[in-house]
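This report covers the salt bridges of one structure, shown here.

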Amino acid sequence: MTDQATATATATASMTAIVQDEYGTEPEGVLRLATVARPSIRDNEVRVRVHAASVDRGTWHVMAGLPYPIRAAGFGLPRPKHLNPGRSLSGTIDAVGTGVSGFEPGDEVFGIGAGSFAEYVGVRTDTLAAEPSNLSFEEAAAVPVSALTALQAVRDHGRVQTGEMVLIIGASGGVGSFAVQIAKAYGAEVTGVCGTAAATSVRGAGADHVIDHTRADPTGGSHRYDVILDIAGNRRLSRLRRALTPTGRLVIVGGETDGRWLGGTGRQLRALLLSPFVSQTLGTFVTSENADDLAVLRGLIESGRIAPVIDRTYPLGEVPTAVRHLVEGHPQGKIVIAVWAPGRD
């Protein structure tokens, strides 16, 4: 089939997908399984037959439309712009746009596409890369959003160097499990902070030391760290700064509150405002979704330096249950959605 033919392949054939018509905080109330038309694609896109997708904290934010600024950031006012809140995916290219080079039908890929809780999704080529050769589709789908966030937190904003001491708060979740491994790959001595049940998982990811936050305050002792990645905490900036060296770097990756306007970002804003007036570097960032960093992650994965940690896998029809588990279950690693398997119609 020619590029032109694949680009104009009909979108009238149906597919199964999770559908969201309105914003809401309860996944069972706003996410439903439906039969819809397969997506058409633009010139700079490919259509991927999705084998697997994954859930991350951003899934809930996109689903809920909270905090409110996320709606103005391209996700839709007053209703969701995209079919569903899925973003990370892996699968096989089904069709390519007329302006696409470097990808062909049949290629196995992983990356980020809006509405990935579906059997097919259109994906821009600048957020897509060849799938790591040593991962299954389910494992590859666990990587994109969370591992990109971890990579950029460690490499670009934490600027982690060999021999440095790194504290990772929230080390057992999707981003945290990757951050532990990536910090180790960059030569750091890593201390992971997690709950009691996740200690074994965090050690398995490569942490040199583990602090159980239910038994000890990781910022309350005399130890000082060159870099702190705060992925799942809400500790005051003053406490985090006391745990840093005088020229240490704090990267606030997450931290949730129920605020509908700031949603926990108030602490990030205070860190950015304070940083120019102190010797430490305090900050946050928005993840850059790009193919170059997906290729970096593929190299780290194929070399055996990092691997996805999967908490559990749900079928497509149980996406609401998967999102509920994310919010309430404190998963150890990534939650994966199995969408399609080779050999199935």
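## Salt bridges

Arg 155 and Asp 293 are joined by a side-chain salt bridge at 2.9 Å, N to O (a salt bridge is a side-chain nitrogen of Lys or Arg within 4 Å of a carboxyl oxygen of Asp or Glu). Arg 155 belongs to helix 6 (residues 144-157) and Asp 293 to helix 11, so the pair ties together parts that are 138 residues apart in sequence. Helices (H or I, at least four residues) and strands (E, at least two) are DSSP runs, numbered from the N terminus.

The model is predicted: local features need pLDDT of at least 70, side-chain atom pairs count only at pLDDT 80 or more, and totals for chains, interfaces and linings use all residues. Residues are numbered from 1 along each chain as its sequence is written, and side-chain values use heavy atoms, with hydrogens and water left out.

The search of the whole structure finds 17 salt bridges. Three of them are listed here.

| Pair | Distance, N to O |
|---|---|
| Glu 289 and Arg 87 | 2.8 Å |
| Arg 155 and Asp 293 | 2.9 Å |
| Asp 208 and Lys 184 | 3.0 Å |

Relative accessible area is classed as buried under 20%, exposed over 50% and partly exposed in between (1.4 Å probe, protein chains only). Arg 87 is buried at 19%, and Glu 289 is partly exposed at 30%.
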